Amino acid sequence: TSALPRYARVSVGGAYEPRHQFLLDNISHGGQAGYEVLTPFRLLDGRTLLVNRGWLPLPQGRRDQLPDMALRAREPGEFHPPDALSGRLDALPVAALASGTVAPGNDATWPKRTSFPTMAQLSLSLHQAVEAQQLLLAADQPQGYTRDWKPASAGFGPEQHLSYAIQWWSLGTLSLFLFFLLNVKRRTP
């Protein structure tokens, strides 16, 4: 998946690894605080892809409680056909300020809360390499939460850029006009 472009639609087969999940903290939805849930997914070829299963609100608005994000764990030796997932590839969310990032802890407790981590930090915490992009689980897929995925450019269509261009050209024209107006010496008769 690392060679595929951002927002590429993909379908993958494998199995969730529900014992090691991440809660991406400081994510809001509809003005409410909560988490996005990242769950490792072991692909059929052995690689690990992090699946963003969506957004959950803080339980009762409190950070000292964990949300219920249980997946049925596979028992050793129990046969299961591979799960099939679909969605879009994307980069992890990034903080507007570097001071807003918190790497996942190195302790043995799971799930791990983290705020705007890098894939390298998540790999280190899992003790295994992960793919370079996360999978944003499609809205029609099971075992997900609130999924209202929007591209990073959402809300900035071509009309927005055109209005900015008009504003800057107007400012440039006004500046040039004022420069000549204030710097041309008036001749007095």
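This is a predicted model: local features need pLDDT of at least 70, side-chain atom pairs count only at pLDDT 80 or more; totals for chains, interfaces and linings use all residues.
Close-up 1. Trp110 is partly exposed, at a relative accessible area of 24%. The charged end of Lys112 sits over the ring of Trp110, 4.6 Å from its centre.

**Close-up 2. Aromatic pairs, starting with Tyr16 and Phe41.** The count of aromatic pairs comes to 3. Tyr16 is buried, with a relative accessible area of 9%. Phe41 is also buried, at 0% relative accessibility.

**Close-up 3. The pair of Phe22 and Trp110.** These two rings are edge-to-face, 5.2 Å centre to centre, with 70° between the planes. The pair joins distant parts of the chain, 88 residues apart. Phe22 lies in strand β2 (residues 22-29), while Trp110 is in the loop between β5 (83-90) and β6 (112-114). Phe22 counts as buried because its relative accessible area is 0%, under 20%.

**Close-up 4. A charge over the ring of Tyr16.** The charged end of Arg53 sits over this ring, 5.9 Å from its centre.

**Close-up 5. The surroundings of Gln141.** Gln141 is placed in the loop between β7 (134-137) and α2 (158-183). Gln141 is buried, with a relative accessible area of 14%. Its side chain makes a polar contact with the side chain of Ser86, at 3.2 Å. Leaving aside neighbours within four places in sequence, Gln141 is in contact with Ala84, Leu85, Ser86 and Arg147.

Technical notes:
Residues are numbered from 1 along each chain as its sequence is written. Side-chain values use heavy atoms; hydrogens and water are left out. Helices (H or I, at least four residues) and strands (E, at least two) are DSSP runs, numbered from the N terminus. Buried means under 20% relative accessible area, exposed over 50%, partly exposed in between (1.4 Å probe, protein chains only). A polar contact is a pair of N or O atoms within 3.5 Å; within protein, one must be able to donate a hydrogen and the other to accept it, and residues adjacent in sequence count only if both atoms are side-chain atoms. Contact means heavy atoms within 4.5 Å. Rings of Phe, Tyr and Trp (its six-membered ring) pair if their centres lie within 6.5 Å; planes under 30 degrees apart count as stacked, over 60 as edge-to-face and the rest as tilted. A charge sits over a ring if NZ of Lys or CZ of Arg is within 6 Å of the ring centre and within 35 degrees of the ring normal.
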